[in-house]
Amino acid sequence: MTEWIISILLLIGGSFVLVGSIGLVKMPDFFMRLHGPTKATTLGMAALLTAAMIFFSTTQSGFSVKEILISLFLLLTAPISAYMMIKSAIHHKLDSIDRTQGKDNIEDEL
Amino acid sequence: MRLETRFKWLPAPILSILLFFVWLLLNNSVSAGHIVLAVILAIVIPLATSPFRTKQPLIIKPGLAIRHLFLVLYDIITANVQVAILILGPTKKLTPGFIKVPLDLTHSMPITILASTVSLTPGTVSAEVLPWSESFIEGEGSEQRFLLIHVLDLKDEQALIDTIKQRYEAPLKEIFQC
């Protein structure tokens with residue numbers, strides 16, 4: 001039974017991380033590329049870490065809680081790294097694709 | 001808004017409690033040696049870093065904060081599914097855009113939390129807080145601030161601004177009472 005739960009969680013996590021990476025390749029400009037890794041991967045990693053937590057709690061003696069800490073740190077750092085990347089992209093005036101709306105919002109502030 | 005108070009030997013009590021539990025979780029044990037080490041770290045690290053830290057507002061309504069946390073966690077799950085659908089769908093149909101959300105929050109801590117939740121929830125990544133000034137860290141200055149957001153698939157700008165303000169900003173204002 002636990003094997004089933006672990007496998008399903010691993011599959012869900014793996015597919016979300018895969019979708020995030022596909023987004024990184026498929027999207028046309030830098031700003032849209034950022035969306036895949038910041039979001040699709042947080043849930044993917046959470047599912048993978050839950051699977052790891054269940055696996056180590058059932059196969060080894062004692063309860064494994066380190067994984068909660070990893071997902072907490074991921075939730076804290078993912079938005080901040082995305083923020084730093086998009087901020088530097090704006091200051092380097094990276095091109096966004098032509099149909100981007102509200103471009104004047106970033107231009108008049110720099 | 002109430003700012004946290006400072007004691008001489010324990011500059012940040014909440015940070016100390018957090019450090020204590022993080023150390024025990026990292027080591028995955030509650031043996032006596034690790035508890036002693038955790039107490040030492042929980043006292044020394046806040047003391048060493050307190051000159052760099054600015055006073056942060058206190059959480060005045062903890063119950064509401066926990067409810068807001070679960071709402072955000074639920075939104076993160078739906079956001080992941082939505083963004084996955086957008087990524088796998090046709091790229092040509094996406095209409096990206098930059099929007100400015102006017103902020104009512106004043107302090108750096110609530111604004112950071114808001115920016116992070118915006119980054120983790122459907123199709124939006126926060127890009128910049130405008131206008132930047134040093135007084136912003138202390139929560140002073142009265143000019144209107146904006147949160148610049150990049151949206152992956154912008155359909156209705158005003159509706160999105162209203163959602164962010166009502167769903168994420170209003171609870172934060174209530175929690176920190178600012």
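Two residues are in contact here if their C-beta atoms, placed from the backbone, lie within 7 Å. With that in mind, begin with chain A, where, among contacts between residues at least 6 apart in sequence, 65% join residues at least 24 apart. The model is a predicted one, in which local features need pLDDT of at least 70 and side-chain atom pairs count only at pLDDT 80 or more, while totals for chains, interfaces and linings use all residues. Residues are numbered from 1 along each chain as its sequence is written, and chains are lettered from A and ligands numbered from 1 in the order in which they are written.

The C-alpha trace of chain A spans about 60 × 25 × 15 Å along its principal axes. Of the 110 residues in chain A, 33% are buried, a residue being buried if 20 or more other C-beta atoms, placed from the backbone, lie within 10 Å of its own.

Next, select residues 35-59 and 66-91 of chain A, which are helix α3 and helix α4, packed at an angle of about 170° with their axes 9 Å apart. Axes are lines fitted to C-alpha atoms, for helices over the stretch in contact, and angles run from 0 to 180 degrees between N-to-C directions. The angle therefore makes α3(A) roughly antiparallel to α4(A), a term used for angles over 145 degrees. Show the side chains where the two meet: Met45(A) and Leu49(A) are among the residues that α3(A) gives to the contact, and Leu74(A) and Pro79(A) are among those from α4(A). The residues of this contact divide into eleven nonpolar, three polar and one charged, with Ala, Val, Leu, Ile, Met, Phe, Trp, Tyr, Cys and Pro counted as nonpolar, Asp, Glu, Lys and Arg as charged, and the others, Gly among them, as polar.

Now select residues 6-25, 37-56 and 68-86 of chain A, which an unreviewed UniProt entry annotates as "transmembrane region". Residues 6-25 of chain A are 100% helix, with end C-alpha atoms 29 Å apart, and residues 68-86 of chain A are also 100% helix, with end C-alpha atoms 28 Å apart.

Finally, bring in chain B, of which 33 residues are in contact with 37 residues of chain A. On the side of chain B that touches chain A, the largest share, eight residues, comes from α3(B).

Note on methods
Helices (H or I, at least four residues) and strands (E, at least two) are DSSP runs, numbered from the N terminus. Angles under 35 degrees count as roughly parallel, over 145 as roughly antiparallel, 65 to 115 as roughly perpendicular and the rest as oblique. A residue is buried if 20 or more other C-beta atoms lie within 10 Å of its own, exposed if 12 or fewer, and partly exposed in between; C-beta atoms are placed from the backbone. UniProt positions are given in the numbering used here, feature names are shortened, and annotations may be inferred rather than shown by experiment.
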